[in-house]
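These are my notebook entries on one protein chain. I record what I looked up, beginning with the whole chain and then turning to selected parts.

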Amino acid sequence: MTDLSALFSALPPPSRRRPPTPAAADATSTHQALARAGVQEFGPDEYLIEVFERAPDPTDAMQLRDLYLGRIEQALGARSSRPELAEAWRAARHRRTVTPEQVLASRATVRFVKEMFNFYFRDDLYGSLRRSDHLILSSGAVDEEEWGLPAAVKECVTYALSRDWYGYSDSRGREPAREAIAAYESARLGGAFYDLRNVALTMGGTFAISGLTDFVLTGRRSTAPALCAIPNYPPLIESMSRRSATRLVPTPLVNGVTSLAPLLEQLRPDTPLVLLQTATNPTGALVDEAELEALIKGAGPDTVIVLDECHEWLGPSQRWSPARAAANVVRVSSLSKNWSAPGLKLGWILAGSTFIDAFYEYASSSYGGPPSFFYTAVEVLARMERWRFESKAEAGPSELAEFETGYGLTADTLRAAYAGYLEERDRREQELLRNRDTAVSRLRGLPDTEVTAPRYSINLVADFEDYSDSYLAFRDLLDLHDVSVFPGLLTFCLSGGLVRLTTARRWTELTPALSRIERFRRTPRPVGSLPAER
């Protein structure tokens, strides 16, 4: 009889590894594809600036949105579904001269991009343009039905519910889960940098950064703006801008690496907060680690540096700089990307113990803490992921000793559970890399198309060089070939025809979508679309 009081007792034995779907014959290694050289900029170009110059009120984000959309509708010609917006664009006249610096420092810019982000999902992609035969390469997340949580982690949720572990808990999370995260994150930095006092569990990455910006910026004394590296995720920057003047800082892609030199130039002794992604969405490029160290060490004593590490996966396993464990740094992770579980809204932050102690009061007053029945799942995930990072092929007596005896674990059940975890994680990584490499290979060499091969993440960037506007590129591809990509504008890529493609889709969806994109890039631009002028 199965003992339901023992963790993993109901877990089936590891299944035989499923053979991966054959990749395309010309698929290349992502790492070989990183040979792309040059510099890619993301600041505002004259095309976007023109919208600010024509708007009756350039501080009104809704006016900016409607005027921008009006130009898209004008370019669509007979395919336009909002003729009133097109007419508003035709009637708009030049009213002022606007500089790139004014755009980057404007509160309206952040809100405009966020409103375009909302419009894209609510009104266009899943609104009036929605069709059942669309192939969606714009989700930014792994297909969780194909590559979901490992069975061992799922079993932890079932086990916690069977034990009625859903009561009140410490707002920072249960201690064993925090200890497991501290050990895992210390291993990633190559030393004993953290203990449970440095960890707080959160309700996902977006929620965590919103809470952190509220916690850090509310009641601050500094008049200097908070700094946000772009490209970035609109909800994160919007949460900052609601609480502080915010300066957008374009961080260019230089030979496949995100340079933080512009952030270093903008940093002031009284800068209250700096937000950046360590692996950038949408490019998948890593920040220059030496520049990151310089940023951390050069920041003032009251400057908080928030590192969004959520896209730092699906790439070479490596240890990061110990500078990330500095007292003025807050690191943010989540289960959304790496573990295909955005709907669970789970993650954690790491920071100095003094910061975490103060955040405890904020958390206990604001939301209490994440759902407590997930704590065992987070603990098991963090422990097994650390073992995997450390290349442990099997869970033995020392790994068993890491768990409380109340779990009822045995050497055999833990060994089998970890074997299954390794099998699922390895298969998942192999298949996702296959998809990403195949997409890079097939899209490279297409006319007027420059592909940025990602070092991390499930996303890749394609620059449609004959387009001045990424949103128009999205509309043309969707209207003419039923494939959705994510406009670069919606990640604060404020120039050109750059679009993001998410490759973590089922093979039966990805391959026809790539074929349609190939056809799109090999056929003449549709009549009425805007000229490139780049």
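Entry 1: the whole chain. I began with terms: helices, of at least four residues, and strands, of at least two, are DSSP runs numbered from the N terminus. I also noted that this is a predicted model. I then looked up the totals and found 18 helices and 16 strands in the protein chain. The radius of gyration is 24 Å, close to the 24 Å that the globule rule gives for 534 residues, so the chain is as compact as a globular protein of that length. I recorded that the C-alpha atoms fill a box of roughly 75 × 55 × 40 Å along the principal axes.

Entry 2: I looked up the share of buried residues, which is 59% of the 534 residues. The chain exposes about 20700 Å², and carbon and sulfur atoms supply 52% of this area. Among contacts with a separation of 6 or more, I noted that 78% join residues 24 or more positions apart.

Entry 3: helix H12. Which residues of H12 are buried? In this helix, residues 289–298, I found Glu 291, Leu 292, Leu 295 and Ile 296 to be buried. They lie on the same side of H12, because they cover an arc of only 140° around the axis. I recalled a general rule here: an α-helix has 3.6 residues a turn, so residues three or four places apart point the same way. On the other side of H12, I recorded Ala 290 and Lys 297 as exposed.

At the N-terminal end of H12 I found a cap, Asp 288. A side-chain oxygen of Asp 288 lies 3.0 Å from the backbone nitrogen of Ala 290.

Entry 4: Glu 312. I found this residue in the loop between E9 and E10. Is Glu 312 buried or exposed? Its relative accessibility is 8%; buried means under 20%, so Glu 312 counts as buried.

I then looked up the polar contacts of its side chain. The side chain of Glu 312 makes one with the side chain of Trp 320 at 3.0 Å, and another with the side chain of Arg 324 at 2.8 Å. Leaving aside residues up to four places away in sequence, I noted that Glu 312 also touches other residues, including Arg 188, Thr 278, Ala 279, Leu 286 and Tyr 456.

Key. Residues numbered from 1 in each chain as written. Predicted model: local features only at pLDDT ≥ 70, side-chain atom pairs only at ≥ 80, totals over all residues. Heavy atoms only, no water. Buried < 20%, exposed > 50% of the residue type's maximum accessible area, 1.4 Å probe, protein only. Arc of directions from axis to C-beta. Polar contact = N/O pair within 3.5 Å; in protein donor to acceptor, adjacent residues only side chain to side chain. Rg over C-alpha atoms; globule rule 2.2 N^0.38 Å. Contact = heavy atoms within 4.5 Å. Areas by Shrake-Rupley, 256 points an atom, 1.4 Å probe, with all protein chains shown as cover.
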